Amino acid sequence: MSIRIAPSILSADLGRLADEVREAEAAGADWIHVDAMDGQFVPNITVGPVVLQAVRRATALPLDVHLMVVDPDRHLEAFAEAGADILSIQLEATRHPQRTLARIRALGKRAGLVVNPHTPEEAVRYLLPDIDVLLVMTVNPGFSGQRFLPQVLPKIRVLREWLDREGIPVELEVDGGIHPGTAREVVAAGATVLVAGTAVFGQRDRRQAIAALRAAAAVR
Ligand code: DX5
Ligand code: ZN
C-alpha cells in the first residue's frame with residue numbers, strides 16, 4: 001500500500017511560505033497540510049483562508065486543511081473558495097458532525113474528520129459513510145514539535161480493522177510527533193497518510209527527510 005506524506009506548513013519558515021511549499025513539492029510531498037487554529041478550540045492561533053490562498057498559488061498538490069476551530073460550519077465556504085481539497089473538522093468542535101461532513105462534500109471537497117487522542121473509535125463508527133479522510137491525532141492539537149502519544153496506537157489498529165473488514169475507502173491519517181521511528185509504528189498499525197511538521201520543515205534537507213519517512217513506512 002502506498003503511503004502519503006503531508007508536510008505541515010506550521011513548521012515551515014512562514015516568511016518564505018511559497019518557496020517552502022514549492023520545496024516540499026520538489027522534495028516528494030504528496031499533500032500539503034495546513035493547520036488553521038482559532039485560539040479557542042486550541043490555545044494557538046495560526047492561519048486562515050488568505051494564507052491558504054497563498055499556498056494554493058504555490059502548488060498543485062492536494063491541500064489538506066485541518067480546521068482546529070470551534071463551530072467550523074461558519075468557515076467552510078471561505079476555506080473551500082481559498083483552495084482546500086480536503087476539509088477536516090474536529091469531532092470535538094462540531095455539534096452535528098454528520099451534517100457538517102455532508103456540507104463539505106456538497107461544496108465539492110473531500111470530507112475529513114479529526115479525532116483527539118482521548119476520543120474513542122466508537123465515536124466515529126456511524127460517521128464512516130460520510131468521511132473521505134479520518135485523521136487520528138497522535139498529540140493534543142495546537143502545536144508542532146510535541147511528543148507522539150503511543151497510547152493512540154490501539155485505536156489506529158481498531159480503525160484499520162473496521163475499514164478493511166467493511167471495505168470502506170477512507171484514508172487513515174495521523175498527525176503529531178511523526179518522525180521515522182513513530183512512522184514505522186503508525187504504518188504498521190494501519191495509517192496510510194503521515195502528517196509531518198518538524199520531521200520535514202524542521203529539517204534542512206527536505207528531500208532526505210521525506211525519503212527517511214517513506215523508508216521507515218515501508219513496513220506495510
Ligand atoms: C498540531 C498540528 C500538526 C503539527 C504537527 O496541532 O495539527 O499538524 O503541525 O507537527 P509535528 O509533526 O511537529 O508534531
Ligand atoms: Zn494538523
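These legends describe close-up views of a predicted model.

**View 1. Helix H7 and its buried side.**
Helix H7 spans residues 206-216. Its buried residues are Arg206, Ala209, Ile210, Leu213 and Ala216. They cover an arc of only 125° around the axis, which puts them on the same side of H7. An α-helix has 3.6 residues a turn, so residues three or four places apart point the same way. Now look at the face of H7 turned away from the buried side. Here sit the exposed residues Arg207, Gln208 and Ala215.

**View 2. What H7 packs against, and how H7 begins.**
The strands are S1 (4-7) and S8 (193-196). The helices are H1 (17-26) and H6 (180-189). At the N-terminal end of H7, look for the cap, Asp205. A side-chain oxygen of Asp205 lies 3.2 Å from the backbone nitrogen of Arg207.

**View 3. Helix H2, one side buried.**
Helix H2 runs over residues 49-58. Leu52, Val55 and Ala58 are buried in H2. They cover an arc of only 115° around the axis, which puts them on the same side of H2. Val50 and Arg57 lie on the other side of H2, and both are exposed. What covers the buried residues? The cover includes helix H1, strand S2 (32-37), strand S3 (63-68) and helix H3 (76-81).

**View 4. Strand S3, enclosed.**
In S3, 6 of the 6 residues are buried, so this strand is largely enclosed by the rest of the structure. Follow the side chains along S3. Leu63, Val65 and Leu67 point one way. Asp64, His66 and Met68 point the other way. Residues on both sides are buried.

**View 5. The strands beside S3.**
Start with S2. It runs parallel to S3, and 6 bridges join the two. Ala36 stands opposite Leu67 of S3. Between these strands the chain passes through H2, and this β-α-β crossover from S2 to S3 is right-handed. Next comes strand S4 (residues 86-90), which is parallel to S3 and joined to it by 4 bridges. In this pair, Asp64 stands opposite Ile86 of S4. S3, H3 and S4 also make a β-α-β unit, and this unit is right-handed.

**View 6. The surroundings of ligand 1.**
How many residues are around ligand 1? There are 20, and the ones that come nearest are Ser8, Gly142, Asp175, Gly197 and Thr198. For Ser8, an N or O atom in the side chain is 2.8 Å from an oxygen atom of ligand 1. For Thr198, a polar side-chain atom lies 2.5 Å from an oxygen atom of ligand 1.

**View 7. Ser11 in its loop.**
Ser11 lies in the loop that links S1 and H1. Is Ser11 buried or exposed? Its relative accessibility is 17%, and buried means under 20%, so Ser11 counts as buried. The side chain of Ser11 makes a polar contact of 3.5 Å with the side chain of Ser144. Leaving aside neighbours within four places in sequence, Ser11 is in contact with Ser144, Gly197, Thr198, Phe201 and Gly202.

**View 8. Thr94 in its loop.**
Thr94 is found between S4 and helix H4 (97-106), in a loop. It is buried, with a relative accessible area of 8%. A polar atom of the Thr94 side chain lies 2.8 Å from the backbone oxygen of Gln90. Leaving aside neighbours within four places in sequence, Thr94 is in contact with Pro72, Asp73, Ile89 and Thr100.

**View 9. Arg22 and Val65.**
Arg22 has its place in helix H1. It is partly exposed, with a relative accessible area of 42%. Val65 belongs to S3, and is buried. Arg22 and Val65 are 43 residues apart in sequence. In space, they are 17 Å apart, C-alpha to C-alpha.

Terms used
Residues numbered from 1 in each chain as written. Chains lettered and ligands numbered in written order. Predicted model: local features only at pLDDT ≥ 70, side-chain atom pairs only at ≥ 80, totals over all residues. Heavy atoms only, no water. Buried < 20%, exposed > 50% of the residue type's maximum accessible area, 1.4 Å probe, protein only. Arc of directions from axis to C-beta. Contact = heavy atoms within 4.5 Å. Polar contact = N/O pair within 3.5 Å; in protein donor to acceptor, adjacent residues only side chain to side chain. Pairing = 2+ DSSP bridges. Right-handed = clockwise from strand over helix to strand, strands pointing away. Near = heavy atom within 4 Å.
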